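Load the model and keep the sequence beside it. The text below walks through it piece by piece.

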Amino acid sequence: MNILIIGGAGTFTRHLIDRLDKEGHRIFVLTGDPKGEHKYRKVFETYYFAYDNVCIKDVMKSIRPDVVLFMGAYDRGFLWKEEEETAVSYTSGLTNLLMAFGALERGRFVYLSSEIVFQRQYPQEIEEGEPYAAYTRRAEAVAMGERLCLDYAEISNADTVVLRLDHMYEIPENTREAESLCARMCIEALETGEIVVQPELQVALLYVSDAVEFVYRIMVAKEHQKKLYQVSARDCLSQPVIAKLIRKELGKDINIVEDPEKQIIGNTLSDRSYDEEFGIRIIHRPETVLPQLARHIKRHASVFCRVERRQTGLLERWRRMSKGLLPILLPFLENLICFIPFFMLNNRAVGSEYFQNLDFYLLYVLLFAIVHGQQQATFSCLLAVAGYSFRQMYQRSGFDVMLDYNTYVWIAQLLILGLVIGYMRDQLRANKEEQLHEVDYLTKQIDDIAEINVSNVKVKEILSDQIINQNDSFGKLYEITSSLDQYEPEEVLFYAAEVLSRLMGSKDVAIYTVANRSFARLFSFTSQKAHCLGNSINYVEMTDIYDRLKEKKVYINKNMDERYPLMANAIYSEDEMQLILMVWGIPWERMTLGQANMLTVIGYLIQNAVLRANRYMLALERERYIENTRILEEEAFRSLVRAYMNARQKELTECALILVEQGELSQKEISDQLSGMMRQSDYLGRMEDEGIYALLANTNSKAAEMVCMRFREAGFACQIQEDIMV
């Protein structure tokens with residue numbers, strides 16, 4: 001199905017898209033978010049328009065959705081900071097969407113609402129018909145949206161459904177989604193160090209994954225009994241129990257404070273109507289999901305907490321400060337600690353025969369220049385100079401050390417080597433980070449290309465399916481209809497119904513043969529639905545159909561009148577109507593001009609096979625009938641009976657065979673008397689010299705008994721032949 005989701009990006013929308021994509025539906029998204037802000041890989045096309053834009057009607061016509069899902073109370077595109085302005089935009093946008101949907105005259109419109117429309121305490125579960133109790137602008141807008149959809153359904157007879165979700169919660173991606181009771185309690189705990197609860201408050205928490213399943217059932221249901229449904233998780237939890245589950249993850253220092261005066265609305269919706277019609281099964285329990293929610297908000301506290309966090313003890317403040325300073329101070333501490341062993345090694349090497357020419361300070365500076373770069377190389381140079389000067393003052397004064405030329409040469413080489421190597425190290429690090437940034441940039445481009453590729457693959461698969469499964473190409477039409485040539489002339493019309501059913505993609509097909517200028521007899525059919533008009537119809541009185549057929553045009557049942565087939569076409573021979581093809585069971589979206597043209601082409605191709613068979617039968621008519629009678633010769637009659645019996649076995653027609661004893665009458669006398677008591681579509685014939693047989697077309701056992709009674713009243717002994725070998 002083509003499904004249009006209307007709403008801003010969010011976790012709920014993403015879960016819905018994943019569910020619909022798994023079922024193979026083609027998904028479109030209409031959002032008021034800025035263009036390119038959010039992208040979905042599994043969406044066929046995304047439209048970025050305000051809901052009250054005049055082009056929404058064109059978008060609807062382009063998509064022709066089978067289901068339109070308006071996120072309503074869960075549309076994250078509405079921020080509700082300026083509630084007055086947002087409420088006006090919400091209702092005007094919804095009105096425009098409903099009008100655009102109504103112009104399609106097809107599909108289903110699903111509106112998502114929530115428990116927000118009931119903002120006072122109720123002593124028991126809230127039924128669907130309970131009057132609204134909305135006191136905020138947001139709640140009033142959501143309730144007005146419900147009323148708009150329900151009233152529009154009554155006025156226009158459109159298929160519109162309102163679905164209320166009771167206390168739905170999710171693991172939020174940002175502060176806009178952190179609106180559920182559970183998310184607010186987690187944020188309150190992190191911001192203030194306590195959770196204020198209402199001891200008597202009971203709520204039924206519905207997780208987003210379960211909500212998606214319930215919404216999906218409404219979307220794909222073939223029919224529904226009501227316009228308004230409510231869904232709840234049923235198992236209620238008290239707010240103190242929820243707070244304890246949250247505190248278990250956030251830390252024991254969180255205090256739970258009971259405040260009976262705190263006004264938090266937590267009513268439970270009654271979901272009996274939904275359960276009786278679609279069934280309710282809860283998979284995700286709050287005991288399992290709430291700890292995950294608390295951990296997620298704690299991990300991203302900087303995103304969700306919007307006020308200064310509570311003051312903590314000295315140790316806690318020191319620990320928080322040390323988290324930021326430690327990464328900065330650690331290299332300096334490491335440098336100081338490593339300086340001590342190098343200072344000791346340098347002192348031991350002085351005067352040593354083997355190590356006196358080894359400069360440990362130079363090795364020390366080079367080590368930190370290579371590991372940490374130019375900054376630590378400079379710091380290690382300063383420490384090395386201090387250590388060198390301190391060691392020289394063991395034997396000389398500080399003034400002598402400062403005047404010594406070798407001291408400055410040594411410092412110069414130390415600085416040059418350390419700073420150059422440190423600079424090279426920093427450059428290598430900068431190049432590496434730049435490469436990583438480039439890799440990230442290219443990775444994002446690859447993701448964009450992958451997204452584009454997914455969309456292209458979807459288009460390719462759709463086009464491939466259209467090519468592979470194309471039943472309306474002239475080559476395939478001719479290939480299938482030409483298969484009628486392999487059947488005997490008597491069988492062509494029976495299997496023409498099968499061919500028509502296959503090409504039109506419908507299990508309900510009937511073919512009527514025109515008996516005269518008013519009546520047509522049912523010749524073959526493929527289902528009981530196709531038999532609903534009966535064995536004989538006065539097609540002239542079926543004015544809607546006859547007016548189109550006499551103009552040699554295809555009839556399309558645009559008004560979905562149950563008395564008539566969905567499509568019908570007539571086959572003419574020399575301006576005389578010969579056959580009427582009738583088709584039921586066609587989806588509304590396929591009742592198009594293109595399908596009508598295809599039925600016309602199929603009719604012409606079937607006509608060729610039927611006319612060829614009729615000409616053959618007419619050419620052999622003298623050889624097929626006993627002279628001066630309407631009784632078929634044995635070979636011709638046996639072939640005809642075989643065709644009818646095979647068709648009856650495949651449930652393409654009904655027929656009955658009656659054996660009439662000849663007695664002393666001649667064949668001509670029997671032919672004259674019995675022909676007057678039979679229809680034009682019935683046959684008389686001989687088989688195995690047992691007597692005369694009457695083949696009754698489109699006649700069941702009950703009707704055959706009535707014909708037998710008519711024969712007996714005329715003096716003919718007869719009996720119905722159930723099983724006969726032909």
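Leaving aside its neighbours within four places in sequence, which residues is Thr86 in contact with? Thr86 is in contact with Phe78 and Trp80, where contact means heavy atoms within 4.5 Å. Thr86 has its place in helix H3. With a relative accessible area of 12%, Thr86 is buried. Buried means under 20% relative accessible area, exposed over 50% and partly exposed in between, with a 1.4 Å probe and protein chains only.

Some ground rules come next. The model is predicted, so local features need pLDDT of at least 70 and side-chain atom pairs count only at pLDDT 80 or more, while totals for chains, interfaces and linings use all residues. Residues are numbered from 1 along each chain as its sequence is written, and side-chain values use heavy atoms, with hydrogens and water left out.

Now the overall picture. The protein has 726 residues, and 47% of them are buried. Its secondary structure comes to 23 helices and 24 strands. These are DSSP runs, numbered from the N terminus: helices are H or I with at least four residues, strands are E with at least two. Take the contacts between residues at least 6 apart in sequence: 70% of them join residues at least 24 apart.

Return to H3, which covers residues 83-104. What does it pack against? Helix H4 (residues 137-156) packs with H3 at an angle of about 15°, and the two axes are 9 Å apart. Axes are lines fitted to C-alpha atoms, for helices over the stretch in contact, and angles run from 0 to 180 degrees between N-to-C directions. H3 and H4 are therefore roughly parallel to each other. The classes are these: under 35 degrees is roughly parallel, over 145 roughly antiparallel, 65 to 115 roughly perpendicular, and the rest oblique. H3 passes H4 in a right-handed crossing. A crossing is right-handed if the near helix is turned clockwise from the far one by less than a right angle, and left-handed if anticlockwise.

The residues that meet can be picked out on both sides. From H3 they include Ala87, Tyr90, Leu94 and Leu98. From H4 they include Arg138, Ala141, Gly145 and Cys149. By class, the contact of H3 with H4 has 11 nonpolar, 4 polar and 4 charged residues. Here Ala, Val, Leu, Ile, Met, Phe, Trp, Tyr, Cys and Pro count as nonpolar, Asp, Glu, Lys and Arg as charged, and the others, Gly among them, as polar.

Stay with H4. It has 20 residues and reaches 28 Å from its first C-alpha to its last, close to the 28 Å expected at 1.5 Å a residue. The expected span is 1.5 Å times one less than the number of residues. Buried residues of H4 include Arg138, Val142, Glu146 and Leu150. The buried residues of H4 pack against H3, strand S5 (108-114), strand S6 (159-165) and strand S11 (228-231). Just after H4, Asn157 takes a positive phi of about 60°.

Helix H5 (residues 181-192) and helix H9 (residues 286-299) have axes that come within 10 Å and cross at roughly 45°. That makes H5 oblique to H9. The crossing of H5 and H9 is right-handed. Cys182, Ala183, Cys186, Ile187 and Leu190 of H5 make the contact with Leu290, Leu293, Ala294, Ile297 and Lys298 of H9. The residues of this contact divide into 9 nonpolar, no polar and 1 charged.

H5 also holds Glu191. Glu191 is buried, with a relative accessible area of 14%. Glu191 and Phe304 are 113 residues apart in sequence, yet 9.5 Å apart in space, C-alpha to C-alpha.

Helix H6 (residues 208-220) has 13 residues, which should span 18 Å at 1.5 Å a residue; its end C-alpha atoms are 18 Å apart, which agrees. Its buried residues include Asp210, Phe214 and Tyr216.

Val509 lies in strand S14 (residues 508-514). At 0% relative accessibility, Val509 counts as buried. Not counting residues up to four places away in sequence, Val509 touches residues including Ala497, Phe525 and Met582. Val509 and Gly585 are 76 residues apart in sequence and 8.6 Å apart in space, C-alpha to C-alpha. Thr46 has its place in strand S3 (residues 45-48). At 18% relative accessibility, Thr46 counts as buried.
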